[in-house]
Every structure is written in structure tokens, then in C-alpha cells.
Amino acid sequence: MKALEHPYQNLDQGQWLKGNLHTHSNHSDGVLSHQAMVDLYAARGYDFLAFTDHDRLTDESRYALLDRRGLILIPGNEITAGGPHLLHLNAQRLVRPIPQRQAVIDHARHERSMVIVNHPNQGAAFDHCPMMLMRQWMGFVGIEIYNGICGVNRGSPYAMNKWDMVLADGHRVWGLATDDAHDATDVGRGWVMALARERDLDGVMDALIEGRFYASTGVLIRSIEVHGMTIRVEAPNAQRIVAVATGGKRVAVADGPRIELVVPDRVRYVRLECWGAGETFAWTQPFFVGRAVLA
Ligand SMILES: [Zn+2]
Ligand SMILES: [Zn+2]
């Protein structure tokens with residue numbers, strides 16, 4: 001007997017909050033001040049924001065000096081020197097960026113902290129973070145499957161290919177979309193929608209760590225329902241919804257804003273991509289095929 005293991009339980013409890021988890025300021029190579037970035041995100045209706053300057057921690061001691069404009073501000077930094085970049089969210093301390101990235105990940109992990117692999121396909125060789133490393137590392141929670149500024153630099157802003165390879169190996173990691181904002185023009189390229197049980201830092205972090213969120217560059221997901229091995233997703237502004245399974249295999253496609261599928265046998269997971277107008281998407285987290293727990 002099989003069952004789906006997934007993070008989208010009890011979606012009627014809590015509220016969907018919008019956030020960007022990868023933001024630079026003039027404390028590293030960003031252009032604007034913390035306050036100017038807070039003002040921009042608040043004006044666009046965001047609920048939470050993490051500053052992630054390169055090897056520079058921004059935490060509550062700094063946030064206390066800002067006008068938060070209603071935003072939940074998450075302590076963070078981008079672990080940069082010495083190897084592939086790693087986002088350290090709800091960071092409790094600044095982690096020394098040594099080349100041994102597994103040791104960095106181990107040191108960065110903490111209750112309600114999370115480590116995310118940044119822009120895996122950045123660079124002319126699309127290899128900022130090679131698969132070999134992602135296959136070896138343990139303890140990272142997610143991957144940037146969309147990074148806004150990689151779309152204007154070399155490489156690809158997308159990394160669903162590496163996400164599918166990591167998932168096919170059996171790692172349970174979440175997919176995120178972020179702006180990687182360095183300037184005002186980067187605001188609003190990619191974000192996450194998290195279902196927080198409480199509208200505070202712990203509520204957002206619990207949703208992110210548990211995977212109760214989806215990534216978006218413009219498509220909104222209205223509902224996700226699971227009954228046995230059947231998944232139903234509705235995304236009002238999607239024009240096509242594609243179900244992707246182990247190894248990137250497409251197992252169902254529906255034109256229009258909704259899909260219903262029965263997860264086929266012999267796949268390890270299924271995830272849904274909702275394609276909207278132009279270059280807009282929403283990505284659900286994977287629904288893992290596991291063994292049903294008998295009552
Ligand atoms: Zn980076
Ligand atoms: Zn960055």
C-alpha cells in the first residue's frame with residue numbers, strides 16, 4: 001500500500017505569506033541600504049524578507065534599527081568565500097566560509113535555521129554548484145530552482161534539472177525562487193509563498209523548513225488537494241500545469257488552470273510546474289511516494 005508524503009496538509013490553517021529570501025544591500029555588493037530595500041519590498045506587498053549579504057550577518061541587532069514597515073525580517077547571510085554559495089537563513093551566527101562546505105553546512109544548521117544551495121546553474125559553464133557536491137552534501141534543506149539575477153548574468157536562472165537529479169537520488173529537498181536582489185530593478189523576480197500558522201518569524205521558518213510553501217515567478221496557486229494517490233492543483237493564472245516525476249519525466253499535462261492526476265506506480269516523487277503567461281511559473285514541492293502508515 002502506497003501513500004503520498006507531502007508538506008501541504010491542513011492548508012486551511014494559517015495564512016499564505018509572500019517573501020524574498022535572498023537580498024543584498026550596500027553592506028556587501030548591493031546598491032541600496034537595508035531601509036531602502038525594506039521600503040521597496042513592503043511597498044510591493046511582501047510579508048517577509050531576509051537580508052543575505054556576502055559573508056556578513058544581518059540579524060536582529062541590525063533589524064531593530066530599521067522601520068520594518070510590517071515585514072517579518074529573517075536573519076541571514078550568503079556564505080560566499082571558498083566555494084559554492086550557500087544561503088544561511090535564520091542564522092544564529094556567522095559561519096566561517098571554509099572550503100569544506102559539509103563542515104560549513106553542519107556548523108550553519110541550528111534549530112529553525114536552514115541552508116539553501118544558491119544558483120546551482122550560474123556561470124558560463126552552468127556549474128556554480130556541481131552535481132557531485134550536491135550528491136555528497138547532507139543537511140541542506142533546499143535549492144534555488146530560480147534565481148532572479150542569474151537571468152541577467154551568465155548561466156541559467158533555473159535549476160530544476162539539478163533539483164530532479166538530487167530528488168531522484170532520494171534527497172528530500174525543497175525548491176525555492178528568489179530575487180538575489182542587488183538593486184531596485186531586481187525586486188519581484190522570484191519569491192516564495194509560505195503557509196505560516198503564525199504571522200511571525202517562527203511561523204515563517206516552520207513553514208519553510210517543513211516545505212509548506214511554493215516557489216513563484218508570477219503564477220498563483222489557489223489550492224492543493226491530496227486524496228490517496230490523487231493530486232489536484234488549481235492555479236488561476238496558469239495556462240498549463242505539468243506533473244514532473246523521477247528523473248524529470250513528465251507524467252501528466254493539463255492545459256488550463258487546474259490538473260488532477262493519479263500518481264503513477266514506480267515513481268519516487270511527483271512535483272507540479274504551473275506555467276503562466278510569458279515567462280511566469282509556480283513550482284510546488286515534491287509529493288513523495290512512501291509507504292502508507294496503517295492506522
Ligand atoms: Zn551568490
Ligand atoms: Zn546573492
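**View 1. The buried residues of helix H5 and what they pack against.** In this predicted model, the buried residues of H5 pack against helix H4, the strands S8 and S9, strand S14 (240–245) and strand S17 (269–275). Helix H5 covers residues 160–168, and its buried residues are Met 160, Lys 162, Trp 163, Asp 164, Val 166 and Leu 167. The helix lies across strand S8 (142–147) and S9, at about 160° to S8. Just after H5, Gly 170 has a positive phi of about 105°.

**View 2. The open sheet of strands S5 to S9.** The sheet is made of 5 strands in the order S5-S6-S7-S8-S9, and its pairing is mixed. Strand S5 (76–79) and strand S9 (174–178) are the edge strands; each has a single partner, so one side of each has no neighbour in the sheet. On average, neighbouring strands of this sheet are turned by 30° against each other, with direction ignored.

**View 3. Strand S6 between its two partners.** Strand S6 (residues 86–89) pairs with S5 in the antiparallel sense, over 4 bridges. Within this pairing, His 88 in S6 is opposite Asn 77. S6 and S7 are also antiparallel and are joined over 4 bridges; here Met 114 in S7 is the bridge partner of Leu 89. Helix H3 (residues 101–108) lies across S5, S6 and strand S7 (114–117), and it runs at about 10° to S6.

View 4. Which residues cover the two faces of S7? Met 114 and Ile 116 are on one side, Val 115 and Val 117 are on the other, and all are buried. S7 and S8 run parallel and are joined by 2 bridges. Val 117 is opposite Ile 143 in S8. Together with helix H4 (residues 131–136), S7 and S8 make a β-α-β unit, which is right-handed.

**View 5. Ile 145 and the largest nonpolar core.** The largest nonpolar core has 82 residues, and of these Ile 116 and Ile 145 touch the most other members. Strand S10 (residues 191–196) supplies the largest share of this core, 5 residues. In soluble globular proteins, nonpolar side chains tend to be buried together. Ile 145 is found in strand S8. Is Ile 145 buried or exposed? It has 29 C-beta neighbours inside 10 Å, and 20 or more count as buried, so Ile 145 is buried. When neighbours within four places in sequence are left aside, Ile 145 is in contact with Tyr 158, Ala 159, Met 160, Trp 163, Gly 175, Leu 176, Ala 177, Ala 215 and Trp 283. Among these, Met 160 and Trp 163 are also buried residues of H5. Ser 156 is 11 residues from Ile 145 in sequence, and their C-alpha atoms are 9.8 Å apart.

**View 6. Helix H1 and its buried face.** Helix H1 covers residues 34–43, and its buried residues are His 34, Met 37, Val 38, Leu 40 and Tyr 41. Seen down the axis of H1, these residues fall within an arc of 165°, so they line one face of the helix. An α-helix has 3.6 residues a turn, so residues three or four places apart point the same way. The cover over the buried residues of H1 includes strand S2 (15–23), strand S3 (48–51) and helix H2 (60–63).

How values were computed
Residues numbered from 1 in each chain as written. Chains lettered and ligands numbered in written order. Predicted model: local features only at pLDDT ≥ 70, side-chain atom pairs only at ≥ 80, totals over all residues. Pairing = 2+ DSSP bridges. Axes fitted to C-alpha atoms, helices over the stretch in contact; angles between N-to-C directions. Contact = placed C-beta atoms within 7 Å. Buried ≥ 20, exposed ≤ 12 C-beta atoms within 10 Å, placed from the backbone. Right-handed = clockwise from strand over helix to strand, strands pointing away. Core = buried A, V, L, I, M, F, W, Y, C linked by C-beta atoms within 7 Å. Arc of directions from axis to C-beta.
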